[in-house]
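Dear colleague,

I am handing over the structure we spoke of, with the sequence alongside.

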Amino acid sequence: MIPQGAKKIGPVTWEIPTSFKEGMRVPAVFYASDALLDSMDEKVIEQLTNVATLPGIKKAALCMPDGHMGYGFPIGGVAAFDPKEGGVISPGGIGFDINCGMRLVKTDLTIREVEPKLKELVDQLFRTVPAGVGCKGFVKLTKDDLREVMTKGVKWCVDNGYGWKEDMDHIEESGWIKGGDADKVSDRAFQRGIDQLGTLGSGNHYLEVQVVKKENINDQKLADQFGVGKDGQIVVMVHCGSRGFGHQIGTDYLKTFLDVMPRYNIKILDRELACAPFESQEGQDYFKAHICAANLAFANRQVIMHRIREAFSKVFQKDPHDMGMDLIYDVAHNIAKIEDHKIDGKTRSLVVHRKGSTRCFGPSRSELTGLHKKTGQPVIVGGSMETGSYLCVGQDGSDVTFCSTMHGSGRTMSRTQAKYLFRGEELQKDMASHGIYVKAVSMPGLAEEAGKAYKDITDVVDCMEVAGVSKKVVQLKPIGNVKG
């Protein structure tokens with residue numbers, strides 16, 4: 001719905017002023033077409049305007065066009081806090097599956113080569129990459145190993161034979177965020193994380209075989225630069241995160257923050273927004289623990305990619321190098337980053353919360369290196385398993401959103417409603433009739449992910465292109481899917 005008092009301030013930009021709700025320190029800003037905003041539920045508006053009341057928030061509380069109700073913050077929510085002005089850190093603003101993210105792997109294989117072996121390939125991927133609730137990975141870690149994964153992320157994987165050194169050049173923060181402290185992680189989180197490396201999990205997490213079609217290439221030059229510019233080319237996309245490990249860290253510190261907020265005289269409108277000053281001991285402990293979860297999530301996707309390469313090698317009897325199985329990029333969702341952004345003409349170091357949102361640095365950002373310094377940062381946007389996904393790229397205009405854009409298509413209905421309306425077995429057959437072979441651990445889980453449970457992915461990515469934040473490079477169409 002379009003909230004009363006909202007003002008349209010751009011072609012796809014809506015602002016709710018601070019007068020909307022007592023205590024709002026900054027406006028609430030939505031990026032959405034008229035139709036997308038009209039379809040948003042009232043809870044999203046309530047949540048975003050609540051976020052706008054948090055201490056130290058700068059410029060605006062933001063919601064991307066894939067926004068829908070979340071825990072505390074809406075999913076698709078972005079907010080930046082100034083630590084020098086009492087700015088806070090909040091588990092509800094990061095999400096409990098810390099660094100749930102996307103990874104895209106290219107191949108030099110074509111649809112002509114893969115289609116005859118598609119069923120065999122997807123079945124092999126299903127056997128090779130554990131999926132579903134409670135699944136365990138094949139990597140056996142000691143407690144000391146896990147501590148090292150928490151602090152070194154993908155570097156640990158590469159050092160231990162689960163990847164190529166060059167993979168690290170194509171991951172946000174090189175897959176190794178500095179500053180993690182395993183001593184800030186509870187024993188319960190250790191227990192939940194020690195056997196989860198290399199697992200998809202459940203929910204909306206998936207491993208998908210996709211095809212590039214010439215008619216779906218939006219920018220041929222950029223597609224060629226990223227290595228996905230050939231008609232009929234096969235790529236693989238992975239969506240997963242830190243699983244139960246990250247969830248436990250979020251749960252632990254949510255309780256801590258609820259206990260300490262009175263000490264810091266912090267009052268919130270929703271207990272799901274529990275927070276602490278970023279520079280407080282509790283805030284720093286959570287930030288360091290959340291980095292451990294982010295590094296584990298990067299490592300999780302790295303091991304999954306290693307297993308994907310093994311599965312392709314087994315099916316096609318070729319070395320992964322000979323099949324051109326290079327990593328295009330890996331992006332984080334559900335994370336807090338310390339970044340420099342301009343506020344009122346002055347550069348400030350801010351704690352940027354992205355919950356169900358993707359970093360999208362444009363070419364001018366100093367953090368980017370190599371090819372990305374010329375092109376901007378790749379943005380991997382997951383759609384539904386029926387409609388396809390996008391590879392986009394950040395634009396210099398993204399500074400209006402603290403260099404943030406959408407992370408997916410965004411749900412239009414709850415999982416419960418989707419399971420009521422759809423049947424997994426019927427969905428599986430229907431997708432097969434459209435050339436998409438799906439292997440799923442759970443048929444009710446498959447029903448939750450029906451394409452009709454999501455917004456139109458093209459409408460969502462078009463919105464942020466109109467806003468000058470990110471732009472489309474190529475749409476990727478699914479042909480095979482492994483679901484938890």
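What follows goes from the chain as a whole to single elements and residues.

Please keep in mind throughout that this is a predicted model, and that the values below are computed from it.

The overall fold

The chain contains 15 helices and 19 strands. Its radius of gyration is 21 Å, close to the 23 Å that the globule rule gives for 484 residues, so the chain is as compact as a globular protein of that length. Along the principal axes, the C-alpha trace spans about 60 × 50 × 45 Å. Of the 484 residues, 62% are buried, and among contacts with a separation of 6 or more, 76% are between residues 24 or more positions apart. The chain exposes about 18,100 Å², of which carbon and sulfur atoms supply 48%.

Helix 2, which runs over residues 42–51, is mostly covered, with seven of its 10 residues buried. Those buried residues are Val44, Ile45, Gln47, Leu48, Thr49, Asn50 and Val51, and the elements they pack against are strand 2 (13–16), strand 3 (28–31), strand 4 (61–68) and strand 5 (75–81). In the loop between helix 2 and strand 4 lies alanine 52, which counts as buried because its relative accessibility is 0%. Not counting residues up to four places away in sequence, alanine 52 touches Gly23, Met24, Arg25, Val26, Pro27, Ile57 and Ala61. Leucine 62 is 10 residues from alanine 52 along the chain, and their C-alpha atoms are separated by 8.9 Å.

Two further buried positions

Proline 91 is placed in the loop between strand 6 (88–89) and strand 7 (101–110), and, although it is a loop residue, its relative accessibility of 0% makes it count as buried. What does proline 91 touch, not counting residues up to four places away in sequence? The contacts are with Gly250, Tyr253, Leu254, Phe257, Ala274 and Tyr286. The C-alpha atom of proline 91 is separated by 33 Å from that of glycine 424, which is 333 residues away along the chain.

Threonine 128 belongs to helix 4, which covers residues 118–128. Threonine 128 is also counted as buried, in this case at 8% relative accessibility, and, with residues up to four places away in sequence left aside, it touches Arg307 and Ala311.

Helix 9 spans residues 243–260 and includes lysine 255, which counts as exposed because its relative accessibility is 55%. Lysine 255 and cysteine 275 are 20 residues apart in sequence, with their C-alpha atoms 9.7 Å apart in space.

The loop between helix 9 and strand 10 (276–277) holds asparagine 265, whose phi is near 55°, a positive value in a residue other than glycine. That deserves a second look because most residues other than glycine have a negative phi. Asparagine 265 is exposed, at a relative accessible area of 61%. Aspartate 344 has a phi near 55° as well, again a positive value in a residue other than glycine, and it sits in the loop between strand 12 (335–343) and strand 13 (346–355). With a relative accessible area of 77%, aspartate 344 is exposed.

Cysteines

With best regards

Definitions and conventions
Residues are numbered from 1 along each chain as its sequence is written. This is a predicted model: local features need pLDDT of at least 70, side-chain atom pairs count only at pLDDT 80 or more; totals for chains, interfaces and linings use all residues. Side-chain values use heavy atoms; hydrogens and water are left out. Helices (H or I, at least four residues) and strands (E, at least two) are DSSP runs, numbered from the N terminus. Buried means under 20% relative accessible area, exposed over 50%, partly exposed in between (1.4 Å probe, protein chains only). The radius of gyration is taken over C-alpha atoms; the globule rule is 2.2 Å times the number of residues to the power 0.38. Contact means heavy atoms within 4.5 Å. Accessible areas come from the Shrake-Rupley method with a 1.4 Å probe; for residues, only the protein chains shown count as cover.
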